Amino acid sequence: MRLALQLPVDSHEGLTRGWPSKGGWQVMQISKDTSRTGETMNTSRSAGASSPVNGKQVNDWDTRRKRKIADIKQALSASPVDVAALRRMAISEGGLLTDEIRCQVWPRLLNVPPHVLEQEPETVERENNKDYNQVLLDVQRSLRRFPPGMPDEQREGLQEELIDIILLVLKRNPQLHYYQGYHDIVVTFLLVLGERLATALVEKLSTHHLRDFMDPTMDNTKHILNYLMPIIDRVNPEVHDFMQQAEVGTVFALSWLITWFGHVLSDFRHVVRLYDFFLACHPLMPIYFAAVIVLYREEEVLECECDMAMVHHLLSQIPQDLPYETLISRAGDLFVQFPPSEMAREAASHDSMAASTFKDFDLASTQQRPDSVLRRRRRQKQAALDSSAANAVVAVARPSAARRLVRLAVMGLTVALGAAALAVVNTALEWAPKLDLFP
């Protein structure tokens with residue numbers, strides 16, 4: 001077993017869904033407050049959790065929601081199943097909307113054959129199991145991942161199922177190594193799908209999307225984290241340089257990446273919305289989403305004292321009121337603009353890049369505080385922007401056609417998605433596990 005970074009145990013708050021009962025899943029309203037499209041990276045955070053402000057918006061969303069459900073049903077009923085359409089539905093506004101739909105679509109996104117889904121999980125011997133003690137400890141600390149108000153007996157039963165799923169996947173795949181945080185992903189699948197479906201999907205996910213995290217060492221995990229700073233540098237060199245000067249590194253994003261944000265988000269609706277997105281996309285999409293969160297918090301980062309401990313503390317405390325639909329859209333934008341194939345060389349040479357970037361501030365650092373230097377540069381940059389406000393208005397009023405297509409790739413609910421949408425979906429399809437198509 002390989003232990004990753006010890007994850008903090010947070011208080012249980014914000015979950016708003018139901019739990020499985022004898023009569024089936026009892027799920028509360030989960031999608032009506034999905035944030036609206038069209039926000040920018042500088043939109044106030046309150047917009048991410050806002051509800052429609054008038055009846056017309058409510059009706060518009062209800063109409064789009066009903067149309068989307070109909071489109072998903074049509075894709076599922078096609079022969080063969082239209083997986084590309086399901087990916088578009090999972091990426092676009094609101095994701096897959098309900099757990100009932102996720103039970104039907106997530107297996108298709110992971111290309112798990114029906115006969116695998118029908119298999120009942122076998123019993124796993126716990127005694128003398130090398131991973132059991134650590135898995136037990138992690139699961140016992142996972143109380144916050146279960147809905148508030150769930151009866152203790154029911155929660156304890158789900159925790160036992162959670163242990164069984166993890167141990168069974170590891171038993172079937174001895175090349176995989178358990179890491180702390182893995183249970184945060186598995187519990188999400190368990191709560192949405194139930195034990196039987198969750199076991200099949202988690203096994204496929206573990207041998208594909210999560211495979212790098214389950215190596216004997218963290219070398220591949222570190223390599224994936226190395227994509228973070230180059231992506232940030234492409235979009236906002238000032239934030240990149242500030243973080244390099246602070247020598248904050250990328251460890252703050254480790255728990256985000258290896259749990260698919262399941263450990264750090266308190267609202268289960270947001271967790272499953274991100275899982276819809278990640279399952280439909282390339283395995284590196286979570287690192288693009290991590291970069292988008294950092295970029296969204298630009299002002300907070302640049303106003304922070306340029307000190308490793310201070311910046312690490314700020315970034316590791318992820319806000320709970322993020323505008324998730326906007327950030328998902330932006331992550332899709334960045335993936336199309338800066339695909340992994342283009343970023344791979346920069347990620348591989350990240351250490352040398354950090355050293356060369358640090359030299360840019362070396363002289364200034366000997367004379368005054370580096371955060372003061374960066375703030376002055378920021379004020380100068382803002383002054384330059386203000387002096388050309390008229391040009392900026394024109395530029396905003398006339399976004400490029402490519403930019404509009406990229407936004408449609410993630411946010412659009414129309415049938416006529418653009419070429420950028422196909423780039424996102426086709427990349428995911430090219431990567432997807434190669435199995436026979438569904439009959």
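## Packing of helices H7 and H13

In this predicted model, helix H7, covering residues 182–193, packs against helix H13, covering residues 268–279, at an angle of about 100° and with 11 Å between the axes. The two helices, H7 and H13, are therefore roughly perpendicular to each other, because angles of 65 to 115 degrees fall in that class.

On the H7 side, the contact is formed by Asp184, Ile185, Thr188, Phe189, Leu191 and Val192. H13 contributes Phe268, Val271, Val272, Tyr275 and Leu279. Sorted by class, the residues in the contact of H7 with H13 are nine nonpolar, one polar and one charged.

## Aromatic rings

Across the whole structure, a search finds 15 aromatic pairs. Ring pairs join Trp106, Phe189, Phe252, Trp256, Trp260, Phe261, Tyr275, Phe277, Phe278 and Phe289 into a cluster. Among these cluster members are Phe189 and Tyr275, which also take part in the contact between H7 and H13.

## Cysteines

A disulfide is a covalent bond between the sulfur atoms of two cysteines. The search of the whole structure finds zero disulfides. Cys304 is in no disulfide, and the nearest cysteine sulfur, belonging to Cys306, is 8.2 Å away. Likewise, Cys306 is in no disulfide, its nearest cysteine sulfur being that of Cys304 at 8.2 Å.

Cys304 has a relative accessibility of 10% and so counts as buried. Cys306 is also buried, with a relative accessible area of 10%; the class applies because buried means under 20%.

Notes:
Residues are numbered from 1 along each chain as its sequence is written. This is a predicted model: local features need pLDDT of at least 70, side-chain atom pairs count only at pLDDT 80 or more; totals for chains, interfaces and linings use all residues. Side-chain values use heavy atoms; hydrogens and water are left out. A disulfide is a pair of cysteine sulfur atoms within 2.5 Å. Buried means under 20% relative accessible area, exposed over 50%, partly exposed in between (1.4 Å probe, protein chains only). Axes are lines fitted to C-alpha atoms, for helices over the stretch in contact, and angles run from 0 to 180 degrees between N-to-C directions. Helices (H or I, at least four residues) and strands (E, at least two) are DSSP runs, numbered from the N terminus. Angles under 35 degrees count as roughly parallel, over 145 as roughly antiparallel, 65 to 115 as roughly perpendicular and the rest as oblique. Contact means heavy atoms within 4.5 Å. Ala, Val, Leu, Ile, Met, Phe, Trp, Tyr, Cys and Pro count as nonpolar, Asp, Glu, Lys and Arg as charged, and the others, Gly among them, as polar. Rings of Phe, Tyr and Trp (its six-membered ring) pair if their centres lie within 6.5 Å; planes under 30 degrees apart count as stacked, over 60 as edge-to-face and the rest as tilted.
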